[in-house]
Amino acid sequence: NFATVNMVTSSSWTITATASGMSNGISSVVYVKPNIPSRLAIYAPGENPEPGYTAGRGRIGSPTMRTAGANFDLTVRACDAYYNLTAATPTVTVLVDDWDIDNEVYRIQRTKNLINGTTTFTVRLAAAKVTVASATASGYTLDYTGGIYVSSDTPYRLLVLPPGVNAVAGKPPYVSSETWSWGGITNSPTERVAGQSFPITIRAV
């Protein structure tokens, strides 16, 4: 009789057969190669590839905490349907919904070709919050990281918020002068009346 097996993790395997009263039978090594490239996998620090683990989107672990303004690498892999690494070289775009510190615009966007199925993208996040990074490429199923918690850096300046002005974490420009700027805020102060007190909010940022 013959048994059918279906292996989803690319590696070298042996197959063992057992039966009561008989010695085990062990096959020669069977190499299972990756299937057709069809999806991306993107990993933040703390996440590790786990080929074959489709229920967990091909990963184990959770993103480790990052500090605002500090560089770190995101790893992208071109995988088959079972998250096995392939040698495909698609053009991949990584997106993060956060302020781009280097270009002072909203949304971080980086594009690269993968090399032998993988490469890293160096990013730094501006806002102290939980965010995710995603990876897309034409013809591939997109992927995203787990939630990346970003903590504040060392307090550097005071932010003065009169009525009508709201704080926006991470918003440029990042000037280091004593003059007024739009960095870290949105909207304009509302009109006040002479002789009437009003609250001022001051934050250490």
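**Figure 1. Contacts of V76 in the predicted model.** Leaving aside neighbours within four places in sequence, V76 is in contact with L40, A41, I42, V92, V94, L114, G117, T118, T119, F121 and A135. Contact means heavy atoms within 4.5 Å. This is a predicted model, in which local features need pLDDT of at least 70, side-chain atom pairs count only at pLDDT 80 or more, and totals for chains, interfaces and linings use all residues. Residues are numbered from 1 along each chain as its sequence is written, and side-chain values use heavy atoms, with hydrogens and water left out.

**Figure 2. The largest nonpolar core.** This core has 22 residues. I42, L74, V76, V92, V94, L125 and A135 touch the most other members. Two or more residues come from each of β5, β9 (72-79), β10 (91-100), β12 (118-123), β14 and β16 (148-151). The top contributor is β9, with 4 residues. A nonpolar core is a set of buried Ala, Val, Leu, Ile, Met, Phe, Trp, Tyr and Cys residues joined through side-chain atoms within 4.5 Å. Buried means under 20% relative accessible area, exposed over 50%, and partly exposed in between (1.4 Å probe, protein chains only). Strands (E, at least two residues) are DSSP runs, numbered from the N terminus. In soluble globular proteins, nonpolar side chains tend to be buried together.

Figure 3. The structure holds 7 salt bridges. A salt bridge is a side-chain nitrogen of Lys or Arg within 4 Å of a carboxyl oxygen of Asp or Glu. R59 meets E47 at 3.4 Å, N to O. R59 sits in strand β7 (residues 59-60), and E47 in the loop between β5 (39-43) and β6 (48-49), 12 residues apart. D143 meets R57 at 2.6 Å, N to O. D143 lies in strand β15 and R57 in the loop between β6 and β7, so this pair ties together parts 86 residues apart in sequence. D143 also forms a salt bridge with R59, with the closest N and O atoms 2.4 Å apart. That pair links strands β15 and β7, 84 residues apart. Salt bridges that share partners join E47, R57, R59 and D143 into one network. D143 is buried, at 2% relative accessibility. R59 is buried too, with a relative accessible area of 7%. E47 is likewise buried, with a relative accessible area of 7%.

**Figure 4. The open sheet that includes β15.** Four strands run in the order β11-β10-β14-β15, with antiparallel pairing. Strands β11 (105-113) and β15 (143-144) stand at the edges with a single partner each, so one side of each has no neighbour in the sheet. Strand β14 (residues 133-136) pairs with β15 over 2 bridges, in the antiparallel sense. Two strands pair if DSSP finds at least two bridges between them. S134 stands opposite Y144 in β15.

**Figure 5. A nonpolar surface patch.** L158, V160, F198, I200 and I202 make a patch of about 490 Å². F198 is found in the loop between β19 (185-186) and β20 (201-204). At 37% relative accessibility, F198 is partly exposed. Patches are made of residues with over 30% relative accessible area and no salt bridge; nonpolar side chains (Val, Leu, Ile, Met, Phe, Trp, Tyr) are joined within 5 Å, like charges within 9 Å. Accessible areas come from the Shrake-Rupley method with a 1.4 Å probe, and for residues only the protein chains shown count as cover.

**Figure 6. The surroundings of I15.** I15 lies in the loop between β1 (11-13) and β2 (16-17). I15 is partly exposed, at 33% relative accessibility. Not counting residues up to four places away in sequence, I15 touches V5, M7, G25, I26, S27 and V30. The C-alpha atoms of I15 and V29 are separated by 7.9 Å, with the two residues 14 apart along the chain.
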